[in-house]
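Here is a short briefing to read alongside your structure viewer.

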Amino acid sequence: MFHLMVVEDDGNTLKWMEKVLSRAGYTVSTAEDGNSAFDILERVKIDLVILDVMLPEMDGYEFTRQLRAVGNNMPVLMVTARDLPEYRYEGFIAGADDYMLKPVDENEMLLRIRALLRRAGIANEKTLTLGGIVLDYDNLSVTVEGQTSTLPAKEFMLLYTLLSYPGKIFTRIQLMDEIWGMDTNSSDSTINVHINRLRKRFEGRNEFEIVAIRGIGYKAVRND
């Protein structure tokens, strides 16, 4: 289970975020300022931080700069009411991975967290092995019984995403947001096209199958 930390000085917002994240299945720690957050980091392994910009004593930018200065590369999702490009630029320059505006939309927050954790997990793991099949993230390649081929990037990421969470149902919207990005102009029907290509590519292999969930999306079932 992923352990997240929310750093937010508004008590009502802090409680709401903690409730939403706990309901989504995450373990949650909370802090109302940057110093308290660093105290938690010394005791607990945190996988991702949801960080308000306007904090007492140490703002979110400075917290992120200090976090990166000690070599901590955990994902940081910065949250603020400041809707100007220069504030977003400052956040990214400080080392934030993503940025959300207040008032925070619950579904958008959960999607962004999922995407950030996905990227962090891929960066750490790099490969997936299923019987005689090996997926190599660095090279976007698939090796089947010693024969290696490079897949188109979106096709590879779709397969890697599904196989990283066997049995988990992904909606088409989730897959579009994570792989094509939230600002894509492609329709979700492109997911069906890529799924069909993957099925054809691995036809005859029994290590996994991609199952359509009618009216919702897809899941991968691993048989290895």
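In which sense do E3 and E4 pair, and over how many bridges? E3 and E4 pair in the parallel sense, over 4 bridges; two strands count as paired if DSSP finds at least two bridges between them. This is a predicted model, where local features need pLDDT of at least 70 and side-chain atom pairs count only at pLDDT 80 or more, while totals for chains, interfaces and linings use all residues. Residues are numbered from 1 along each chain as its sequence is written, and side-chain values use heavy atoms, with hydrogens and water left out.

**The chain as a whole**

- The protein chain holds 8 helices and 12 strands; helices (H or I, at least four residues) and strands (E, at least two) are DSSP runs, numbered from the N terminus.
- Along its principal axes, the C-alpha trace spans about 60 × 35 × 30 Å.
- Of the 224 residues in the protein chain, 44% are buried; buried means under 20% relative accessible area, exposed means over 50%, and partly exposed lies in between (1.4 Å probe, protein chains only).
- Among contacts with a separation of 6 or more, 56% join residues 24 or more positions apart, a contact being heavy atoms within 4.5 Å.

**The parallel sheet**

- Five strands form an open sheet in the order E2-E1-E3-E4-E5, with parallel pairing.
- E2 and strand E5 (98–101) are the edge strands, and each has a single partner strand, so one side of each is left without a neighbour in the sheet.
- On average, neighbouring strands of this sheet are turned by 20° against each other, direction ignored; the axes used for such angles are lines fitted to C-alpha atoms, for helices over the stretch in contact, and angles run from 0 to 180 degrees between N-to-C directions.
- Strand E1 (residues 3–7) pairs with strand E2 (residues 27–31) in the parallel sense over 5 bridges, and Val-6 has Thr-30 as its bridge partner in E2.
- From E1 the chain crosses through helix H1 (residues 11–23) to E2 in a right-handed β-α-β crossover; right-handed means that, with the strands pointing away from the viewer, the path from the first strand over the helix to the second runs clockwise.
- E1 also runs parallel to E3, joined by 4 bridges, and the partner of Val-6 in E3 is Ile-50.
- Ile-50 in turn stands opposite Leu-77 in E4.

- E3 is mostly covered, with 5 of its 5 residues buried.
- Leu-48, Ile-50 and Asp-52 point one way from E3, while Val-49 and Leu-51 point the other way.
- E3, H3 and E4 make up a right-handed β-α-β unit.
- Helix H3 (residues 60–69) has Gly-60, Tyr-61, Phe-63, Thr-64, Leu-67 and Arg-68 as its buried residues.
- They cover an arc of only 160° around the axis, which puts them on the same side of H3; the arc is that of the directions from the helix axis to the C-beta atoms.
- The buried residues of H3 pack against several elements, including E1, helix H2 (34–43), strand E4 (76–80) and helix H4 (85–94).

**The nonpolar cores**

- The largest nonpolar core has 26 residues, and Leu-135, Leu-159, Leu-162, Leu-163, Phe-208 and Ile-210 have the most contacts inside it; such a core is a set of buried Ala, Val, Leu, Ile, Met, Phe, Trp, Tyr and Cys residues joined through side-chain atoms within 4.5 Å.
- Among the elements giving two or more residues to this core are strand E7 (133–136), helix H6 (153–164), helix H8 (189–201) and strand E11 (208–213).
- H6 supplies the largest share of this core, 7 residues.
- Leaving aside neighbours within four places in sequence, Leu-162 has contacts that include Phe-170, Leu-175, Ile-195 and Ile-210.
- A second, separate core of 22 residues includes Val-49, Leu-55, Met-58 and Phe-63.

**Two residues to look up**

- Thr-190 lies in helix H8 and counts as buried, at 16% relative accessibility.
- Not counting residues up to four places away in sequence, Thr-190 touches Met-176 and Trp-180.
- Gly-204 is found in the loop between H8 and E11, where it is exposed, with a relative accessible area of 76%.
- Gly-204 and Val-70 are 134 residues apart in sequence and 49 Å apart in space, C-alpha to C-alpha.
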